[in-house]
Amino acid sequence: MELTIGHLYPDLLNLYGDRGNIRCMQKRLEWRGISAHIKEFQLHDNIDFNELDIVLLGGGSDREQKLVCQELQSIKSDFKQYVEEYGVVIAICGGYQLLGSHYQIGAETISGLELVDLYTRQEEGRLIGNITISSDLFDMPVTGFENHGGRTYIGENVSPLGKVITGYGNTDERDYEGVHYKNVIGTYLHGPLLPKNPELCDYILTKALERKYKESISLSPLDDTAEIRANKYAQGRK
Amino acid sequence: MKLRKYLAIALSKLANHICIKMGRQGVTWAGKIAITIYPDILKELAGEIRNKIYVTCGTNGKTTTNNMLCAFLESEGQSVVCNSTGSNMLNGVISAFVLAADKSGHIDADYACIEVDEASTLRVFPHFTPDYIILTNLFRDQLDRYGEIDITMDLLKQAIDEAPDCTLIVNADDVLSASLANQTGHRIITYGIAEPCDENPASASEIREGRFCQICGAKLQYDFYHFSQLGSYHCPSCGFMRPAIDFNAEDISLGQGLHFTIRDTTDSYFPIVSNYRGFYNIYNILAAYAGVKSEDFTCEKIEPILANFKPENGRMEQFSVNSTNILLNLAKNPAGFNQNISAVMEDAKPKNLIVVINDNAQDGHDISWLWDVDFERFSKANINRIIVSGLRAYDMELRFKYSDIPCEAILSVEEAINEMLKDNINNMYILVNYTALYGTRKLLKAMEEGNI
């Protein structure tokens, strides 16, 4: 078996160790004897979503995110089709914000990809710190670091990724974090996200394999002692 | 009268003295006391500098560059005020001047060499206007503290605008520093390394900042990289390019100490024979040299300073414990860490390695930057054994695990060192981030003196 992972615009969206997420998916496939192909796309590259099994959209600075936004409008309809057909997407920080209809920064509105029913508005102060959430999708809490000025409001027909245990999450309310729609996961958690949250990584890999091979997949277990230790330790950080 | 001023200086000095007696760093406290008692203290003392004030800014290399500049000026017979301990926020700057003041409350100095944290420039510059600003480089650094690099650049630009008559001494190889300097319209003096250096092969997978033109947004093209985003660049769209280099390093040899030649705009050559290690120190030497040359000094007496340089403060500092050579080196961000990895790899001998990572406030609570460092290169560094330590040892363990590099996690640094000493490898490297430095260094000193 094999999977192809598309990394969108790593030159621009690479702020918080997103390479670690790619590496984590790649290694956890390879350790199970599954090939992983990584395709990096630069601005203006043609993206054929039919070739991709997982899409990673990372975070960038506001300036760089704006550069990306203009480009995104040209891939919007293909990307939408991919998502509706249960294509797997993992979107982090800025990438999470781009999933929505728009990002409001003061008087300026940046158009998003309109893939998921959500929007983001920049509000006073940044939400920064360690964060831990509980998600119905996983047994272990999901832990990471958040640093965002935007507050993300998700629609009634999409689910959050999880409930906030410590930290902020989508807004100042400290209630819910991230979004889960079909096979799209959007979240503010970086750290990077996947190495310390192996269940989440395996969930993504399983969904992608099932979609590609049209059969039920049960990944062989790995020794996650180090991952679980790091996850538990991070949960306790202030 | 100036009674308050005398009081401010006296109490500040006393506070510093008490702290030293107690074995603590009292520099920032001393500065705070002085400005609380006498708010104009920094303005008045800095105003007494007879000639020029240098300010050094930039992500990496501030302390090294600033202290070298100070030493160069002193070798020319000049008296200099310098915040040599690296306390580079407002209170640290104040205390450098206050502690240099004499009994009558005056400064008797020709120059001041002051390093200033980028985010503090706007708080410092209302008190004095520098004549020179040295901008070493701009890299991503502790994003949860400083925010995105664009924010740092905006702050610096505002600060530089506050000093309209000052000259910028800029690393031409860094596109971010060069574009920033270019946008200010100030007089610019540049330094850099015009040609690729064979002994310093750039890593292909390093994180590079500012790949897109700061002026027009097009993707920049590079002829080559030295490391990170430092190299020779141009914009195919608007024509912005690496500026002409006024002070250029040529004939570089890395070996056991940096050797090279500096060629200036008059085509005169100045040989550098130094005891510094690490490619990045070429830039620090160039910056300090450009600084003194800009004041028309001859630099005739800087040779012994460079040749006899003894690394300290955990910057490539050497220790010897039970016949094991231990090299301690600080790195706070991906660019610094990648350069440290290069320095380890210049040593072909078998070695043990300890990496200590903390996530305290001064380190930045966010440790995701570990994944922007090219730790994969250690797989080809002739390393016998790796131990990860510090508050975020388990994150560092994962970082190595996902690079297919075996390591062990031992949270206590002392236990980690003792464990490594059992190996009889006699060659150990300890890479630490900021708050891990002080404790590790103290420990190594005690071990070296046989007190542990």
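**Exercise 1.** With which residue does B:Arg140 form a salt bridge, and how far apart are the closest N and O atoms?

*Solution.* This is a predicted model, in which local features need pLDDT of at least 70, side-chain atom pairs count only at pLDDT 80 or more, and totals for chains, interfaces and linings use all residues. Residues are numbered from 1 along each chain as its sequence is written, chains are lettered from A in the order in which they are written, and side-chain values use heavy atoms, without hydrogens and water.

Start with the rule: a salt bridge is a side-chain nitrogen of Lys or Arg within 4 Å of a carboxyl oxygen of Asp or Glu. The partner of B:Arg140 is B:Asp372, with the closest N and O atoms 2.9 Å apart.

**Exercise 2.** Describe the contact between the two domains of chain B.

*Solution.* First, find the bounds: an automatic or database domain assignment gives domain 1 (49-85 + 103-307) and domain 2 (317-448). Next, take the contact (heavy atoms within 4.5 Å): domain 1 of chain B brings 19 residues and domain 2 of chain B brings 22 residues. Finally, the rule finds 1 salt bridge across this interface.

**Exercise 3.** Now turn to the two chains: how many salt bridges are there between chain A and chain B?

*Solution.* Begin with the residues in contact, 39 from chain A and 35 from chain B. Then count the salt bridges between chain A and chain B: there are 9. Including one example, B:Glu376 and A:Arg23 meet through their side chains at 3.1 Å, N to O.
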